[in-house]
Amino acid sequence: MKVHQLELRINNEKRMVVVRSADTLLAVLRRNLGLTGAKPGCLNGDCGACTINVDRLPMKSCLMLAIECEGKEITTIEGMHNTPMQQAFVEHFAFQCGYCTSGFIMNAHSLIHNRPNADNQMMKEWLDSNICRCTGYEEIERAVKDVLRKNSQIQ
Amino acid sequence: MRTVGSSVVRKEAWQKVTGTAKYTDDYAFAGLLHAKMVVSTMAHAIITSIDTTEAEKIPGVRAVLLGGSYPLVGEAIRDRPPIAVGKVRYHGEPVALVVADSPVLAKKAANSIQVLYEPLPVVNSATQAFEAGATLVHEKLGEYKRDNEIHPPIPGTNIASHVKIRKGDMEKGWQECDSVVEASVSLSISDHAAMETRCSIAEIGPDGKIKITTSSQAPFMVKRLISQYFGEDMGKIVVETPLVGGAFGGKAAVQLEILVYLASKAVGGRPVKLRNEREEDILTSPCHIGLDATVKLGSDRHGKIKAANIRFLWDGGAYSDKAVDLTRAGAADCTGPYAIDNVWCDSYCMYTNHPYASPFRGFSHSELSFAIERTMDLLAEKVGMDPLTFRKINAIMPGNTTPTRVLLNNSNVGNLPKCIERVHELIQWDEGEMIALDERFVRAKGISCSWKTSTIDPDAPSGVILTFNPDGTINLMSGVIEIGTGTKTVLAQLLAERLNMDVNNIYVKMDVDTQTTPEHWKTVASRGTFMAGKAVLQAAEDVIRQLKAIASCVLRAPIEDLDVADSRVFFRDDPGNGVHFKEIAYGYQYPNGNSIGGQIIGHGHYILRGLTHMNPETGEGRPGPEWTVTAHGIEVLFDRRDCTYKVLKAITVVDIGKVLNDKAARGQVMGAMSLGLSFAGRETFVFDSLGRVRNPQLRTYRPLHYSEAPEYMVEFVETPQIDAPYGARGVGEHGLLGIPAALANALSTAAGVSLQKLPLVPEMIWKAKEHVRP
Ligand code: FES
Ligand code: FES
């Protein structure tokens, strides 16, 4: 079994890991690094529960190999501290069981960063890559719109 | 009221938005072994051989388990081998279990196991199972142990149980009818698809102590069943449940816990984890029940329903587990929320070669509602009455009886006419049921009503313990599982309200373990707030009594003169004069050092009052405590050219009794509606002719996504249930119940043909329109 030693940049820290060629980033985050905020929901790219940010774009960590990630800037939910998106999710009750929440927040956080003027259609395109089975999505919509609105007021 | 009614932020909110909330699979430690199932590729077949030689050669494989030496399991009927023996009865059934050092090795070993099958004829639907001479799924049905003596299985058939409702005089009822309609509806098995797949960890200590960590709605049931099935001492079994990533009934069944217990046993008690991959979660673990129903309804000239004859054939799948209870619950409320004096219902739990069923949010009621509400629309049409008015004049009310002859009163049933009136306005019913926009597109509306009681075990318990911290804050321990419903936050609100204190000074233990948390039977059936809430209020009385007793010594005053609020005990007539909880909650110390009292620990418990078993011949009995009623409305935009549609609006008005936490309650109702739209509109297992499921992935079994959500309208009516905490009724499931029916009604109007099959995919609608036989 071939293993590799990698240096990953995760949440502004350098982390050394030893991984198999076939290890997904999700597996390495959860098992090697104890970053269990990204969740396995399908391991097939269908649910978005494993979403993290790679170079500030949302990525499904179940669809990336850890060895692809050297030199990239990885942010997981554990790297988010009291961000407007987290606050909005709390305020608007944008989760119930919470299992999809890390993925949704990472996706939405990246959305407001990369597309600060996102309209409804763009929000749909971005947020459609995640599944929430508990809420009716309306609370999530309100949370994300709230942050978008507040941001545009600041500008 | 101070706390009740306000949208208190969930106690675990910040854990959930920071990724620190822990679910079962998030627990890992050195030495943990991993199990992997080998599952059946056939729906019904004899296992001719299993070759494990290659798997056993792989270094790091610690055990390979095959069926044969384990007792049969199952809740109502012990009909299920934990690992298949001799033959398989559904696609996805476990046939072997491998334990290895890592998930990768376990999977590799599982893949190397060769299983050969000899196919048997497949029972591919409930209707087929019911036919005379049908292939038998269980040849030895009469020999199984069971705890269901009231509605036993019928050996020599595929009937796992037969529940009868016989109310009134059918002959007289039909004679009074001027219009009669009969409809057959069906819906196929589907899945809960909770985002967290099921996961369990087991470990057995040298002293025989069994520790199981599991994502479950029923850890206390896991403890009981492991004890019953395997003869283990109950006290030695400790089951822990951290946060659960959605459940919807699917985690009320006990399955992986059994497998992982056996796996740990096979490796000398070492800790073993078994986590479902999505495909296994869909195929192997219990799913959402299917139904083939026939409903005959008749009404008199004035549109008053006089008689109902209902036959339910539930597709319980290969093993009866919880399907027997689902069959009973469906019978108990079979008519939907309508006053009907003459009712005949046969509710059969059928064995088929499909994945077996566990509860699904609504516990048979969304399914039966689909059958009844489609027929209601057909009957309204025949009588020539507006469907909304027709429902209103037949709505069940205090003074009527249920199918099981429970007399309803102002407390045990909500106000359905009021719910209907609100839907009438919200959906703008008077504008017309269907409005053609152009050649192609129409807007169409459908409505439905539903109800539900919770047919849980009559002796189901719930308990609460309160302990104080030295600073006067309180810890609340309840066996309710936080599956996403926010019930534990609501419990804290109830306590804060009763003690008239700040809810932030109450800490809630989120995780449950069966050794130190008082039992809450199962976190199902929308009963958490009612039962645990009653226990909380009783525990509150207990601590108030203790606080006042010690304060009366300190303040040198009779107990009757004291009151409690804002974490203080004080004189009722002089509120400024008193003691803070922190001075007395851990005993009180006099200036000279003498001390009295000790840590205040309060408790409360609740058991449902006056429930009875159903009579085996007539169904008479009190199956549940109260009936929550709802009315629903749906508006669709329908394309007549290709039968595609978009749900524009979804409305639910529910008589909730009392809103305890507004945003949480709305979230529950909306979430349930979303689940209902998803299941009604698209979700089904696609079975091939051999009974195999062709779509066990979230890509092919696709729940509703963000962009597909309609506009939601949720409103509450508040008719208090007198014996419930602050009058609140169960509401966790009710947003879902009538949604499939309302969608089917709207689309039937739009398409101009009665749609009697779920899911309502365009192809099915097109076939119905064109009269193509499926
Ligand atoms: S686990 Fe990565 S998309 Fe589902
Ligand atoms: S909150 Fe449970 S899946 Fe989204």
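Predicted model: local features only at pLDDT ≥ 70, side-chain atom pairs only at ≥ 80, totals over all residues.
Let me start with chain A. Here we find an open sheet of five strands, and if you read across it the order is S2-S1-S5-S3-S4, with mixed pairing. The edges are taken by strand S2, residues 13-20, and strand S4, residues 57-60; each of these has a single partner strand, so one side of each has no neighbour in the sheet. If we ignore direction, neighbouring strands of this sheet are turned by 45° against each other on average.

As a reminder for those new to this, strands of a sheet pair through backbone hydrogen bonds, and they do so either parallel or antiparallel. In our case, strand S1 (residues 3-10) and strand S5 (residues 73-75) of chain A run parallel and are joined by two bridges. Which residue of S5(A) is the bridge partner of A:Ile10? That partner is A:Ile74. Helix H1 of chain A, residues 25-32, packs on the sheet, where it touches S1, S2, S3 and S5 of chain A, and its direction makes about 110° with that of S2(A).

Now to chain B, which is divided into domain 1 (13-17 + 460-607), domain 2 (31-120 + 196-245 + 251-283) and domain 3 (287-456 + 611-769). The centres of domain 1 and domain 3 of chain B, taken over C-alpha atoms, are separated by 39 Å, and the contact takes 19 residues from domain 1 and 19 residues from domain 3.

Finally, let us look at helix H10 of chain B, residues 365-383, together with two other helices. The axes of H10(B) and helix H18(B), residues 739-751, come within 8 Å and cross at roughly 30°, which makes H10(B) roughly parallel to H18(B). The crossing is right-handed, and the residues that make this contact include B:Phe370 and B:Glu373 of H10(B) and B:Ala744 and B:Asn745 of H18(B). By class, the contact of H10(B) with H18(B) has four nonpolar, four polar and three charged residues.

How do H10(B) and helix H11(B), residues 387-394, cross? Their axes come within 9 Å and cross at roughly 110°, and H10(B) and H11(B) are therefore roughly perpendicular to each other. Here B:Glu373, B:Met376, B:Asp377, B:Leu379 and B:Ala380 in H10(B) meet B:Pro387, B:Phe390 and B:Arg391 in H11(B), and by class this contact has five nonpolar, no polar and three charged residues.

Conventions. Residues numbered from 1 in each chain as written. Chains lettered and ligands numbered in written order. Heavy atoms only, no water. Axes fitted to C-alpha atoms, helices over the stretch in contact; angles between N-to-C directions. Helix = DSSP H or I, 4+ residues; strand = E, 2+ residues; numbered from the N terminus. Parallel < 35°, antiparallel > 145°, perpendicular 65-115°, else oblique. Left-handed = near helix turned anticlockwise from the far one by under 90°. Contact = heavy atoms within 4.5 Å. Nonpolar A, V, L, I, M, F, W, Y, C, P; charged D, E, K, R; others polar. Pairing = 2+ DSSP bridges. Domains from an automatic or database assignment.
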